[in-house]
Amino acid sequence: LRNSTPIRYDESRDCWDVLRYEDVHRILKDPVTFSSVRELTGKGTATILTMDPPRHSQLRSLVNKTFTPRVISDLAPHIESITNEMLDAVKDNNHMDLVHDLAVPLPVVVIAELLGVPPRDRELFKEWSDILVKGPDTNSDEAFSQVMKEKERAIQELNDYFAKILEQRRVDPKEDLISLLLSAEIEGQQLNDMEIISFSVLLLAAGNETTTNLITNAVRILTEKTEIQQQLRGNPELIPSFIEEVLRYYPPIQAIGRVATTDIEIGGKLIKKGNQVVSWIASANRDESKFVEPDAFITERRPNTHLSFGFGIHFCLGAPLARLEGQIAIRTMLNRMEDIEFIAGSPLTSIQSPFVYGVKQFPI
Ligand code: HEM
C-alpha cells in the first residue's frame, strides 16, 4: 500500500490513511493545518492530547519539567527495586505470564507513585488499569457492551478516587504531580478539579498500556530472535538502542489521528477541511526510503528516527519514562534469568485494536 496508494481515502471509515514516513512526519509537525481537537464523548474533559495551542502548550509546560530525561533518570533505582519485587513474587515458579506479572503492573505502580497515590493503593490501581485496557473476550455485541460498562465504572471510580486525593493534597501538599497541578497557575488562573483529574487519568491511561506493550514486545523479540538475547547478555550497553529498535519494529501505538483545519494537498491528493487523517506510524517506521533494511531487526540501528512517540508539539510526554522502564525491565530480566523462552504451544492472542500492537498474555 505504501507504494501503490501511500495516501488513500477510505469511504467505509470516512478518513484518510497516510502511510509514508515523509507525509506522516509533515502532518505531525504541522498542528495548525492538522488539529488534535476531537469531539468528546460523554462527560469527558479535554486533555493535552486533544488540544491545540495555545492551551495545549500552557498545560503541557506545567508538567514538562517532571518528565525530562534527567529528572526521570533519578527514578532508576526505585524502578529497579519495584521490578525486582515483581520478579521475586514469581521466582519459585520457573514460569510467569510476562504481561500479568510484570508488564502491566510495573508502569501502573510507577505512574501512580509519581502522581502521589499511596503505595497501599497500588492494587486498586492495578485493577482499574486492567479494566481500562481490557478488550471483549468474544466479538459479540453483548461482550462489547459488558466491557464498556465495566470501563465506565472504572473511570468513575478513578475520578472519585482522584477527587479524594485532591482534597487531601489541598490541605497537605506533597512533592507529587497532583500537588504540583493544584498549585499551578496559567495566566493567574488555577486549574479546576476536573482538569486536574483528567490530566491525572490521561497520564495513567496514556502511559500504561503503551509501556506494557513495549516491555512485552521487547521480550517477544528476545524469544523470537535468540541471537539477539545472546547479543544483549554479552553487551548490556546495547539495551537502550535495542529498546529503540523494538519501538520502531513493533510500535505499541500504530497510528495517530488528526483533523484537517483547511483544504490541503498532500502527495497529489486533496484533503478537505474537516476530514479525518490517520497517520500510520507503523508503516512510516518500515518505510524503505527512510530506513535501510526496514524489515530487519537491527539492534544497533543508527540513526533510528522512528515515529513511535509521535513528533512535534504532541511528542510523547512520557517517552523518557517509558524508555527507562523498558530498559530496566529487560536488563533486570536478563540479569536474573539464564534463558528466556516463550512457552511453546501457548496461545498468542493479539489485543483487539487497530491502533494498539501487543498481545494479551505472554507465558515465558
Ligand atoms: C503522547 C506513544 C508512554 C504520556 C503520545 C503520542 C504517542 C505516544 C504516539 C503522540 C500522540 C499524538 O501526537 O496525538 C507512547 C508510547 C509509549 C508511551 C509508544 C510507551 C512505549 C507514555 C507514558 C506516559 C505518556 C509512560 C506518561 C507518563 C503521554 C502524554 C501524551 C502522549 C501525556 C500527550 C502529549 C501531548 O499531547 O502533548 N504518546 N507513549 N506516554 N503520551 Fe505517550
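Hi everyone. Let's start with the ligand: the residues of the shell around it divide into 15 nonpolar, eight polar and one charged. Before I go on, please keep in mind that this is a predicted model.

So who sits around that ligand? The shell has 24 residues, and those that come nearest are Gly207, Thr210, Gly310, Cys316 and Gly318. Two elements give two or more residues to this shell, helix H10 (193-224) and helix H14 (319-336). Which of them gives the most? That is H10, with seven residues.

Helix H14 has 18 residues, and from its first C-alpha to its last it reaches 26 Å. That is close to the 26 Å expected at 1.5 Å a residue. Which residues of H14 are buried? The list is Leu321, Ala322, Arg323, Leu324, Glu325, Gly326, Ile328, Ala329, Ile330, Thr332 and Met333. Here is a handy thing to remember when you look at such a list: an α-helix has 3.6 residues a turn, so residues three or four places apart point the same way. And what do the buried residues of H14 pack against? Their partners are helices H3 (69-73), H4 (76-88), H5 (98-103), H6 (105-115), H10 and H12 (239-249).

Gly318, one of the residues that come nearest to the ligand, is 254 residues away from Asn64 in sequence. In space, though, the C-alpha atoms of Asn64 and Gly318 are 9.4 Å apart. Asn64 itself belongs to helix H2 (residues 55-64). Is Asn64 buried or exposed? It is exposed, because 12 other C-beta atoms lie within 10 Å, and a residue counts as exposed at 12 or fewer.

Let's move over to the sheet. This is an open sheet of five strands, with mixed pairing, and the order is S1-S2-S9-S6-S3. Strand S1 (7-10) and S3 are at the edges, where each has a single partner strand, so one side of each has no neighbour in the sheet.

How many bridges join S6 to strand S9 (residues 276-280)? There are five, and the two strands run antiparallel. Strand S3 (residues 34-35) is also antiparallel to S6, and two bridges join them. Now look at the two faces of S6. Ile256, Arg258 and Ala260 make up the covered face, while Ala255, Gly257 and Val259 are on the uncovered one.

Helix H1 (residues 21-28) lies across S1, strand S2 (15-18), S3, S6 and S9, and it runs at about 125 degrees to S9.

Let me finish with some backbone details in the loops. A cis peptide bond joins Pro53 and Pro54, with omega about 5 degrees. Both Pro53 and Pro54 are in the loop between S3 and H2. Pro53 counts as exposed, because it has 12 C-beta neighbours inside 10 Å. Leaving aside neighbours within four places in sequence, Pro53 is in contact with Pro31 and Ile313. Another cis peptide bond joins Arg302 and Pro303, and here omega is about -5 degrees. Pro303 is in the loop between helix H13 (281-284) and H14.

That loop between H13 and H14 also holds Glu293. Glu293 has a positive phi of about 45 degrees, although it is not a glycine. With 9 C-beta neighbours inside 10 Å, Glu293 is exposed. Glu187 is also not a glycine, yet it has a positive phi of about 50 degrees. Where do you find Glu187? Look in the loop between strand S4 (185-186) and strand S5 (189-190). Glu187 counts as exposed as well, with 6 C-beta neighbours inside 10 Å.

Definitions and conventions:
Residues are numbered from 1 along each chain as its sequence is written. This is a predicted model: local features need pLDDT of at least 70, side-chain atom pairs count only at pLDDT 80 or more; totals for chains, interfaces and linings use all residues. A residue is buried if 20 or more other C-beta atoms lie within 10 Å of its own, exposed if 12 or fewer, and partly exposed in between; C-beta atoms are placed from the backbone. Helices (H or I, at least four residues) and strands (E, at least two) are DSSP runs, numbered from the N terminus. Two strands pair if DSSP finds at least two bridges between them. A residue is near a molecule or strand if its C-beta atom, placed from the backbone, lies within 6 Å of it. Ala, Val, Leu, Ile, Met, Phe, Trp, Tyr, Cys and Pro count as nonpolar, Asp, Glu, Lys and Arg as charged, and the others, Gly among them, as polar. Two residues are in contact if their C-beta atoms, placed from the backbone, lie within 7 Å. Axes are lines fitted to C-alpha atoms, for helices over the stretch in contact, and angles run from 0 to 180 degrees between N-to-C directions. The expected span of a helix is 1.5 Å times one less than its number of residues.
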